Amino acid sequence: MAAENIAVYAKRRRRTMMSGRLQSKIAVAIATAAVSVGLLAMPGFADSSVPMYRMYDPSSGEHLYTSDTNEKNELISKHNWRYEGIGWYAPTSGKPVYRLYNPKTGEHHYTMDENEKNTLVTRQHWNNEGVGWYSAGNVPLYREFNPRAVQSRGSHNYTTDANENSVLTTQRGWKYEGIAWYGVAKGTASTGNSSSGSSANSSGATASQQQALTQANKYLAVSAFSRQGLIDQLEYEKYSTEDATYAVDHCGADWNEEALRKAKEYLSWTDFSYDGLVEQLRFEQFTSDQATYAAENCGADWNEQAVKAARGYIKNVGGFSRDSLIEQLEFDHFTTDQAVYAVHQVGL
C-alpha cells in the first residue's frame, strides 16, 4: 500500500474516531425522541421499572424507601415524614432486595444478603416484610452506616449520589459499607437533610431546573458523559446554560467513573491505544486526569488492542507490508513494542 494512501486512510480513521461525540449526540437525541413517541423503552422510565420514593423522618433520622404511593402519602400526611423525591428507578425483575422491620426500634433495613436477612429474622426478631424491590442495571446504590445513630434508627443510608456518599464517609463520621444493590436510573431526590449533611441539595430548585435534572439522569441512564459534555447535551435540548449547569452539578455523577464508562463503551466496539483512548476522552471533554483514570482502570490489554487494530487494517484495507503496518499502528499511538507484537501476531 502506498505511503500516501496509508496517511489518507489514517486521517480518515482519525476523523471517524473524532466524530464520536456528534454521533453520540445524534444517538441520544434519537433515543429521546423515540421514547417520547413510545418507540423505545429507555431504562428506568418505562413499564419495566418503578420509581423508588425516598422518605425522611426528622424525628429519628431514618430514611425509608418505597415504591408504594399510598405508603408514601400516608407517611407524609399522618406521620410527618418528609418526601425527598425519587431516590432511583428500580427494575421490575432481577435479584431481590429484602425489606425488614425492627418492631422494637421502628427501624427498617434493606439487604440482598439472604444470610443477613435470615439472621435478623431468626436471631434478632426482625419482621420480614418481603421483597421491597429488585436489583439490576448499572446505577449503584451506596450503603453507609452511622455508628452514632440513636437506638439504631437512621443507622443506614442508601444513595446513588456519589457526593452524598463522600460527604457522609469523609466528613460526617459514617462508614462506607459498599454497594448495596443496583438500579436502572438515578432519581431526583434532594439529599440535603440534617441526617446526611450532604451539600448535594436540590431543594429550592425551579421547575425548569428540576426538568433539566430529570433529563440529565435520563441521559446518564443510557450513556456516559463528561460534565461539560452533559451540559452541552442539555443545551442542545434547549435548556438554558443556568438550568443545564444546575442539573449537572446535582445529578450525583462521579466524573471519573463516567470517563471509565465511556472508555469501556468505546472499547466494546473498536480498538484504541492508551494514548488514543485518552485523546478520544479528552475530545469528549473529560479532564486530563479523568481520561487518564479511565485509561488506567479500563482493563484493556494494549498489546491485544494493537492486534485488533492490525487485523482490522489487514481485513478492511489490505496491502500492508510489515514496516508500513508498524508505522500505521504507531500513528495510532501504539508504542513500537506494541506495534511489533501486533504485526508478529498477524503473521507479518
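Biologist: In which hand does H6 pass H7 in a crossing?

Modeller: This is a predicted model. In it, the crossing of H6 past H7 is right-handed.

Biologist: How are two packed helices described?

Modeller: One gives the angle between their axes and the distance between the axes. Here, the axes of H6 (residues 207–222) and H7 come within 11 Å and cross at roughly 120°. That angle makes H6 oblique to H7.

Biologist: Which residues make the contact?

Modeller: H6 contributes Ala 212, Gln 215, Ala 216, Tyr 219 and Leu 220, while H7 contributes Leu 230, Gln 233 and Leu 234. The contact residues comprise 6 nonpolar and 2 polar, with no charged ones.

Biologist: Why do residues three or four places apart point the same way in an α-helix?

Modeller: An α-helix has 3.6 residues a turn, so residues at that spacing point the same way.

Biologist: Which residues of H7 are buried?

Modeller: H7 covers residues 227–236, and its buried residues are Gly 229, Leu 230, Ile 231, Asp 232, Gln 233 and Leu 234. Just after H7, Lys 238 has a positive phi of about 80°.

Biologist: How many aromatic pairs does the structure hold?

Modeller: There are 16. One of them is Tyr 110 with Tyr 158, edge-to-face, at 5.7 Å centre to centre and 85° between the planes. Tyr 110 lies in strand E5 and Tyr 158 in strand E8, 48 residues apart in the chain.

Biologist: Is Tyr 110 buried or exposed?

Modeller: Tyr 110 counts as buried because its relative accessibility is 1%. Tyr 158, at 2%, also counts as buried. Ring pairs link both into a cluster with Tyr 65, Trp 88, Trp 133 and Trp 181.

Technical notes
Residues are numbered from 1 along each chain as its sequence is written. This is a predicted model: local features need pLDDT of at least 70, side-chain atom pairs count only at pLDDT 80 or more; totals for chains, interfaces and linings use all residues. Side-chain values use heavy atoms; hydrogens and water are left out. Buried means under 20% relative accessible area, exposed over 50%, partly exposed in between (1.4 Å probe, protein chains only). Helices (H or I, at least four residues) and strands (E, at least two) are DSSP runs, numbered from the N terminus. Axes are lines fitted to C-alpha atoms, for helices over the stretch in contact, and angles run from 0 to 180 degrees between N-to-C directions. Angles under 35 degrees count as roughly parallel, over 145 as roughly antiparallel, 65 to 115 as roughly perpendicular and the rest as oblique. A crossing is left-handed if the near helix is turned anticlockwise from the far one by less than a right angle, and right-handed if clockwise. Contact means heavy atoms within 4.5 Å. Ala, Val, Leu, Ile, Met, Phe, Trp, Tyr, Cys and Pro count as nonpolar, Asp, Glu, Lys and Arg as charged, and the others, Gly among them, as polar. Rings of Phe, Tyr and Trp (its six-membered ring) pair if their centres lie within 6.5 Å; planes under 30 degrees apart count as stacked, over 60 as edge-to-face and the rest as tilted.
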